[in-house]
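Subject: Structure handover

Hi,

Here is the structure for you to look through. My notes follow below it.

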Amino acid sequence: MRDWKNTADIIIIGGGIVGASIAYHLATRAQKDVILLEKEYLCEGSTGLSVGGFRQQFSNPANIRLSQETLNGFKHFKEDFGVDIDMHQVGYLFMAREKDIWDDLKNGVQIQKKYSVPVELLSPEEISHRWPYIKTQDLLGGTFCPEDGYADPYPVTMALARSAQSRGVHIIEKTRVTDLGVERGQVKGVKTTRGDISAPIVINAAGPWGGEVSRMAGIKLPVRPYRRQVFIISCINQIPGPVPMVIDLDSRHYFRGESKMILTGMSDLNEPSSFNLLVDQEFMVKVIEALVYRAPILANSRLIRGWAGLYAITPDENPIIGTITEIEGFYCAIGFSGHGFQHGPAVGRILSELICDGKTDFDLSPFAHDRFGKINLPGEKQVV
Ligand SMILES: Cc1cc2nc3c(=O)[nH]c(=O)nc-3n(C[C@H](O)[C@H](O)[C@H](O)COP(=O)(O)OP(=O)(O)OC[C@H]3O[C@@H](n4cnc5c(N)ncnc54)[C@H](O)[C@@H]3O)c2cc1C
């Protein structure tokens, strides 16, 4: 079997943005004996189905810092990797209808400004003035950061993975981890559909399957998969571009420009956890209705296509990153709750530092695996 090895220093489970970024950063730190295992092909999980947004508008400082590190990396991506990631800094416009949401947005702005985020508070009149196609009558206000935007997750992930590979990381696709070996509290390796591999360090970067992989190690972590659906509609010349990411935080509905089209989606908070990836026609109608409500000019647009992907959600909508204290050698980077594309690149740097140096400059306490039910951490309020 080409590329097969039955021992390694470090095994990474998962070939999405998070696994690829960890592999890349380990490789740049001269960790040569690393295997990345992917049950499908690279980027076929949530990463390839994401809408590629990045933003500094978070309520939790840890999330702001992760986004800022990634944004800096995206700005230099072409120089560093020779790859165009189709980056568009069109801005994110968050909008609020209810007072509690508006208060959260205003508090968010105060926190973001402490981290030098160029965010503005906007009245409904100002929103209407800048984007006349947005209905604002029911709004209390909004916040806008022009540095936010979107990029294509596929070239980002593939560039990180290929760069890791060129530095010696073994990437093995179509190979599923079926069990983890743990003896006397120490990781020993993994069982896979193609054979066993022994290793003293195993990293769980399995995205929506992160809860399952943790259970293989005998650890129960609250990470669950939830379907999220996205639709593309035609709108040629109906709206002057660039169309920012426009988010109705009350309903968790959003839309943005996508070439000469509009991309739109919404979180269905009543849908139970599942691995369902089917597009639901009834829900599609609700998304389009929410879109036309917010931008009535789009009433006569045509649906082009839709797809569904999975968010990996934790109870406070923040990820679990770092060591799992009960099992030596077991690390997790899972539960990104809808913001893993923009946080994965920074998390790879942080986790590789933790593994190689035993410490990192980034305070991972908001993301500790044992925080749930113990300490009252603020979590993340600006989630779409
Ligand atoms: C519709 C949608 C829109 C989104 N929009 C955004 C956005 O705008 N901005 C943003 O930042 N984030 C967004 N996200 C979230 C983002 O896509 C995820 O947080 C991110 O991709 C997570 O990356 P990952 O590497 O952890 O997971 P994944 O990309 O899912 O990678 C995990 C990989 O692990 C593999 N795997 C799982 N179990 C095993 C096993 N047992 N053995 C081997 N391999 C295994 C899977 O096949 C998968 O490829 C969106 C997600 C969706 C679904």
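The centres of domain 1 and domain 2, taken over C-alpha atoms, are 30 Å apart. Domain bounds here come from an automatic or database domain assignment. Domain 1 covers 10-50 + 153-223 + 316-367, and domain 2 covers 89-148 + 224-313.

Please keep in mind that this is a predicted model: local features need pLDDT of at least 70, side-chain atom pairs count only at pLDDT 80 or more, and totals for chains, interfaces and linings use all residues. Residues are numbered from 1 along each chain as its sequence is written.

Where the domains touch

In the contact between the domains, 14 residues of domain 1 meet eight residues of domain 2. Two residues are in contact if their C-beta atoms, placed from the backbone, lie within 7 Å. On the domain 1 side, α2 and α8 (210-216) each supply at least two residues. Helices (H or I, at least four residues) and strands (E, at least two) are DSSP runs, numbered from the N terminus. That side of domain 1 has five nonpolar residues, eight polar and one charged. Ala, Val, Leu, Ile, Met, Phe, Trp, Tyr, Cys and Pro count as nonpolar; Asp, Glu, Lys and Arg count as charged; the others, Gly among them, count as polar.

The ligand

Where does the ligand lie? Both domains give residues to the shell around the ligand, so it lies between them. Of the 40 residues around the ligand, G16, G45, G207, G309 and G340 come nearest. A residue is near a molecule if its C-beta atom, placed from the backbone, lies within 6 Å of it. α1 (17-28), α2 (46-49), β13 (224-234), β17 (303-313) and α10 (340-357) each supply at least two shell residues. The largest share, four residues, comes from α10. The shell divides into 17 nonpolar, 17 polar and six charged residues.

A helix pair

The axes of α1 and α7 (residues 153-166) come within 8 Å and cross at roughly 35°. Axes are lines fitted to C-alpha atoms, for helices over the stretch in contact, and angles run from 0 to 180 degrees between N-to-C directions. Residues in this contact include A20 and Y24 of α1, and V156 and L160 of α7. The contact has 10 nonpolar residues, three polar and no charged.

The whole chain

The protein chain has 10 helices and 19 strands. Its C-alpha atoms fill a box of roughly 60 × 40 × 40 Å, taken along the principal axes.

Best wishes
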